[in-house]
Amino acid sequence: MSIQTTISPHNQQPYVSRTYPLPEDLDATIKKAAAAQKEWAAVPLEKRIAIGRQFIKEIEAMKEDIPLELTMQMGRPVAQGAGEVRGLLERSNYMLDITASSLADVSLADTDKPGFKRYIKRVPLGVVFVIAPWNFPYLTTVNSVLPALIAGNAVLLKPSPQTPITAERFAIAFTRAGLPENLLQVVHLSPELASDVIKHPLVNFVSFTGSVAVGRVIAETAAKADGFTGSALELGGKDPAYVAPDADLDYTAAELVDGAFFNSGQSCCAIERIYVHEAVYDQFVAKFVDITKNYRLGDPTSAMTNLGPVVSLASAEKIRKQVADAIKQGAKALIPEDLFTAAKAGTAFVAPQVLVDVNHSASPSYTSLLLPILTDIVPLHSAMDIMTEETFGPVVGIQKVASASEAISLMNDSKYGLTASVWTNVEANAASSEELFLKFVNELETGTVFLNRCDYLDPALSWVGVKDSGRGVSLSKFGASASSQITLSLLFGWLMVMLGCGAGYDQLTRPKSVHMKIKTSP
């Protein structure tokens, strides 16, 4: 048997270890899940919802133990751990509130012909395989596990090797809540064993949150499986923001600093690039830098720390290289490294950094030096990775733009499309702000568009990515078919726009049509 070991990022010491199952034991686990699901699907929805409500109470009873335990696994400052528990509870309550309406039969009585009755009902898929990430393990896990179970499925839950205890807490809470045996089973797996689960004939769906590279492998594996295993993929992001000339700069700078550096920037919807109108560029950058300099990087188990390490030494080196490469290409770093003494090579501590003089291509001098040499050998790719490739660390690039149209063009110049945010003074300029914002809503290639906020998941709104940010929908009662997408707009106070909608539990159930001919006599 193989063993996985979790290394605490801040001290690089082993924290917990887990053993992988043998293939025959894993097969037995899947068969138990499939058998249990058949009985669970017959349990009345009201009873399933009641178990979900009790699950919330059980998690709430653990809330004092979770933050430090989470810090030791993935490095987030302990003072920030309670927020993830609150978010889990909020999402859980909302999803249970909408369960009955989301899973209700869809009547077609308005268009039934005489003597006929038709309706569409939703039925569970069967066995759902959830592969959860480490960066927000409770928040992301609940997005799939709770609706899957309440809809009548069984769940195999594979946590990240970095955060194995989080999944075990889910299982404990559901067991205490009265969930029948074998409906939620935690499986610690190697990539090879995870692939075996996806291809298993009794597994009907896989929900994955993680990198684009692994997401592609999972999608390919699912497509090649017997029965074409269904999949939902929440992948990476390179989320942009636009600061309009009328923005409240004090408020905007503070919010965007938090959006960029919370959880050390390790969020799929973290702010990684900012486009600022030239009229306020200098003032905004100055305010952003001043706030960043006051961060406290250090031991995440200390209540005084508000910026912890990144998840691993490899991640830290990747981030440092991306910053160094940008500087070589002409970017300028505004945060002196000596302000953050914990950020040393050979550790997982990375200092927050703000880069200016960035763009979506190399500086003219850099390009002119390389062009004669490289163009005859390989096609020249000179884009600054800091503005085009996911960083997943406490680094942000800030670029000056002359107009909203230029900002939109640059924001769309990305293979990712998870969220984007627009910052403008609605209170002072309601009409012009609305017009500006709707221009971004209509033209941005992204799943969610925020106004005057960022890096936030509202459980009432669908969470969806476009391009390489993924496929499928979580949260809300809204979803999309394979041939459509959803764009969400989340504003402060005066407008909410949704385009395209469907049933929220869609990807964790399937429609089943019922077509009855009532009258058969002449």
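This is a predicted model: local features need pLDDT of at least 70, side-chain atom pairs count only at pLDDT 80 or more; totals for chains, interfaces and linings use all residues.

**Stop 1**

Most residues other than glycine have a negative phi. Gln12 has a relative accessible area of 30%, so it counts as partly exposed.

Now select Asn182. Look in the loop between helix H7 (164–177) and strand S7 (184–186). Asn182 is not a glycine either, yet its phi is positive, about 75 degrees. Its relative accessibility is 23%, which makes Asn182 partly exposed.

**Stop 2: the cores**

Select Phe129, Phe170, Phe174 and Leu184. These have the most contacts inside the largest nonpolar core, a set of 70 residues. Next, colour helix H6 (residues 137–150). H6 gives this core its largest share, seven residues.

Zoom in on Leu184. Leaving aside residues up to four places away in sequence, what does Leu184 touch? Its partners are Val145, Leu149, Val155, Leu157, Phe170, Ala171, Phe174 and Leu179.

Then move to Ile408, Ala420, Phe437 and Val449. They belong to a second, separate core of 33 residues.

**Stop 3**

Select strand S13 (residues 353–356). Gln353 and Leu355 point one way, while Val354 and Val356 point the other way. All four are buried. In a regular strand the side chains alternate between the two faces of the sheet.

S12 and S13 pair in the antiparallel sense over two bridges. Lys332 stands opposite Val356.

S13 and S14 run parallel, joined by three bridges. Here Val354 stands opposite Val396.

**Stop 4: the cavities**

How many cavities of 30 Å³ or more does a search of the whole structure find? There are five.

To find the largest cavity, select Leu233, Glu234, Trp463, Val473 and Ser474. Of its 20 lining residues, these lie nearest the centre. Several elements give two or more residues to the lining, among them H6, strand S8 (205–209) and strand S9 (230–234). Colour the lining by class to finish: seven residues are nonpolar, eleven polar and two charged.

Notes: Residues are numbered from 1 along each chain as its sequence is written. Side-chain values use heavy atoms; hydrogens and water are left out. A nonpolar core is a set of buried Ala, Val, Leu, Ile, Met, Phe, Trp, Tyr and Cys residues joined through side-chain atoms within 4.5 Å. Buried means under 20% relative accessible area, exposed over 50%, partly exposed in between (1.4 Å probe, protein chains only). Contact means heavy atoms within 4.5 Å. On a 1 Å grid over the protein atoms alone, a cavity is a set of points where a 1.4 Å probe fits but cannot get out, and a pocket is an open set with protein on both sides within 12 Å along at least five of seven lines; lining residues have an atom within 4 Å of a point. Grid points are joined across faces, edges and corners, and a volume is the space filled by probe spheres set on the points. Ala, Val, Leu, Ile, Met, Phe, Trp, Tyr, Cys and Pro count as nonpolar, Asp, Glu, Lys and Arg as charged, and the others, Gly among them, as polar. Two strands pair if DSSP finds at least two bridges between them.
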